[in-house]
Amino acid sequence: MTQPSPITNQPSVSPIPLMQMAAGFWVSKTLASAVELGLFPALADHPADKNTLATALGLKPRPAEVLLTACTALGLLDKTGDLYRNSPMTQAYLLPDKPHYFGGVVRFCDEREYVAWDRLPQALRTNRPITWDPDSHESPFADLEPEMIDLIWRGMHSLSASTAAVLATTCDFSPYRRILDVGGGSGAYLIELCKRHAHLTGTVYDLPPACEIAKQNIASASLDKTIATASGDFQRDAELPGGHDLILLSMILHDWDEATGRMLLRKCRDALPPGGAVMISELLVNPERTGPLDAALMGMNMLAETTGGRNYAEDEYLAWLKDAGFDEPEIIRFEAAGANGVVIGRRPV
C-alpha cells in the first residue's frame, strides 16, 4: 500500500487566531441583529422555547434556531432543556427599560461605525476621518438625522454610566467637594458619582445641545440641586468655569490631537485651586505601545471618527500633566467598558 507523503513546510503555529480576527464581525452582527429583532425583551419576564420565540420575533424555525444557538454560544442566553432565558449580563444591560441599557452602544456601533470601518484603509491612507467630512462640516454630528443623534446620545450615556460606576468605587473621592466634568455630555459621569458619594456636587460643562440633554437626565435622577450645567466650548473659551476642586476629563482627550490635549490641561490647571486635581479617565495604551487590545482598537476608531484623536499611552499623559504644572501624577487602574484607568495630577499647594 502506498503511504501518503509527509506534509512539508507545515507552519508550527495555528491559523485559528487569524480566523477569529477575520470573522470578528460575525460576533458584532449577531449581537446587533438580536437587539434589532427584540430577542432579549422577549425573554425579559420568563424563559421560552424555540418555537415560541420564533413566533414572537416573526422568524421561521431555521433562522430562529441558528440565532438562538449563536446567542447562547456568545453567553447572551442560557439554555435549560428546551427553554432559553437571558443571561444575567443580558438581563442587566440589554433590556430597553432598564436604567443601564447598553443597546444604544450596540446600535450606534452597528448603524454608524460598522459601515464606516468598511473604509478603514481610506482613513489610514489619508489621515482623515471617514464618518464625516471636516472640510464641509464643523463636527461629526452636523448633518445627522435626529434619530441617529438620539441613538448616539443614548449609546454614549450607557457607556459612560457603566464606566463611571466602576470609577466611583475605585477612586477615593473623599478629598473633593465639587467636580467640573469638561465635555460631560449627557451628565452620566456626574450622575453616577454623585449618587454614590453624597458629599459631591458638580457641573457639566459642554456645548449647549449637550447641556440640554444633561439637564433632562439630571432631573430624571432627581439631582437638580446637586448637579448644574454650564454651556461653553473649551477650545474657544478663555478659561474653564471656576469653583471646583476636581476636574474630570472622561473619554475626552482621545478625541483630540496632542496640542489640543495639552492646551486643555493647562486650562484645567489655571481653573483649579492649589491642591485641586484633574482626573483623566480613558482606555490607556501601555508604555510599550503593544496594547491592551481595547485601547489599541479604540485608537483605530478615533482614526475613523476624528481629525486628530487617538488613544494615548499612559506615559504621554504623565508627561503632559507634568508639563502643564501638575505634581505627583499617578495612575489608578480598573476594568470598565469605556476606560481601563485614570491618570490623576494635582496642582501644587
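Of the 349 residues in the chain, 44% are buried in this predicted model. The secondary structure consists of 14 helices and nine strands. Along the principal axes, the C-alpha atoms occupy a box of roughly 85 × 55 × 40 Å. Among contacts with a separation of 6 or more, 68% are between residues 24 or more positions apart. The accessible surface amounts to about 18,300 Å², and carbon and sulfur atoms contribute 55% of this area.

The largest nonpolar core comprises 30 residues, and L167, F173, I179, L193, I227 and M279 have the most contacts inside it. At least two residues of this core are supplied by each of α9 (146-170), α10 (188-196), α11 (208-220), β6 (246-250), β7 (277-282) and β9 (341-346). Helix α10 provides the largest share, five residues. When neighbours within four places in sequence are set aside, L193 is in contact with A164, L167, A168, F173, I179, L200 and L248. Another core, of 26 residues, lies apart from the one described above and includes L180, A230, I280 and W320.

The chain carries 30 positive and 44 negative charges, whose mean positions are 2 Å apart. The structure contains 18 salt bridges. One of them joins the side chains of E65 and K50, with an N to O distance of 3.2 Å. Because E65 belongs to helix α5 (residues 61-73) and K50 to helix α4 (residues 50-57), this pair ties together parts that are 15 residues apart in sequence. E65 is partly exposed at 38% relative accessibility, and K50 is partly exposed at 26%.

A salt bridge is also formed by R128 and D133, whose closest N and O atoms are 3.1 Å apart. R128 has a relative accessible area of 31% and counts as partly exposed; D133, at 31% relative accessibility, is likewise partly exposed.

In a further salt bridge, the side chains of R289 and E316 meet at 3.7 Å, N to O. Distant parts of the chain are linked by this pair, with R289 in the loop between β7 and α13 (293-305) and E316 in helix α14 (residues 314-323), 27 residues apart. R289 has a relative accessible area of 45% and is therefore partly exposed, whereas E316, with a relative accessible area of 12%, falls under the 20% limit and is therefore buried. Through salt bridges that share partners, R289, R310, D315 and E316 are joined into one network.

Terms used: Residues are numbered from 1 along each chain as its sequence is written. This is a predicted model: local features need pLDDT of at least 70, side-chain atom pairs count only at pLDDT 80 or more; totals for chains, interfaces and linings use all residues. Side-chain values use heavy atoms; hydrogens and water are left out. A nonpolar core is a set of buried Ala, Val, Leu, Ile, Met, Phe, Trp, Tyr and Cys residues joined through side-chain atoms within 4.5 Å. Buried means under 20% relative accessible area, exposed over 50%, partly exposed in between (1.4 Å probe, protein chains only). Helices (H or I, at least four residues) and strands (E, at least two) are DSSP runs, numbered from the N terminus. Contact means heavy atoms within 4.5 Å. Accessible areas come from the Shrake-Rupley method with a 1.4 Å probe; for residues, only the protein chains shown count as cover. Lys and Arg count as positive and Asp and Glu as negative; His and the chain ends are not counted. The place of a charge is taken as NZ of Lys, CZ of Arg, CG of Asp or CD of Glu. A salt bridge is a side-chain nitrogen of Lys or Arg within 4 Å of a carboxyl oxygen of Asp or Glu.
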